[in-house]
Amino acid sequence: LMLVTAATDHRFLITRLSAIGDVAHSLPLLEELKHHFPTAPIAWVAEPGPSQILKYHPHIERLIVVDKNWRKSPRKILTLRKELRQFAPT
């Protein structure tokens, strides 16, 4: 979990990538974040399998799906970096 904070800006990035069980166990965290920060955008980075249970979750503003072997490809790393920067506060 990463929190980027400015004076009044909260954004959350949850990085539970591959384990469906870990993703499922992290869902209460998502609910609590939205409860305490109702206007804060929340993004989640996950691999294709776990992303299926997150796809339509109403509290996730941006779901970033990364390929299982994304760390082995400079191109995929740069693509992820670009997507994360789009979510970053301006």
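Predicted model: local features only at pLDDT ≥ 70, side-chain atom pairs only at ≥ 80, totals over all residues.
Local features need pLDDT of at least 70 and side-chain atom pairs count only at pLDDT 80 or more, while totals for chains, interfaces and linings use all residues. Residues are numbered from 1 along each chain as its sequence is written, and side-chain values use heavy atoms, with hydrogens and water left out.

Trainee: Which parts of the chain does the pair of F12 and F37 tie together?

Mentor: Rings of Phe, Tyr and Trp (its six-membered ring) pair if their centres lie within 6.5 Å, with planes under 30 degrees apart counted as stacked, over 60 as edge-to-face and the rest as tilted. The structure holds 1 aromatic pair, and in this tilted pair F12 and F37 lie 5.1 Å centre to centre with 50° between the planes. Helices (H or I, at least four residues) and strands (E, at least two) are DSSP runs, numbered from the N terminus. The pair therefore ties together parts that are 25 residues apart in sequence, namely strand 2 (residues 10-15), which holds F12, and, for F37, the loop between helix 1 (20-36) and strand 3 (42-46).

Trainee: Is F12 buried or exposed?

Mentor: Buried means under 20% relative accessible area, exposed over 50%, and partly exposed in between (1.4 Å probe, protein chains only). F37, at 30% relative accessibility, counts as partly exposed, whereas F12 has a relative accessible area of 3% and is buried.

Trainee: How far apart are the closest N and O atoms of E61 and K34?

Mentor: A salt bridge is a side-chain nitrogen of Lys or Arg within 4 Å of a carboxyl oxygen of Asp or Glu, and the whole structure has 2 salt bridges. In the one that E61 forms with K34, the closest N and O atoms are apart by 3.9 Å.
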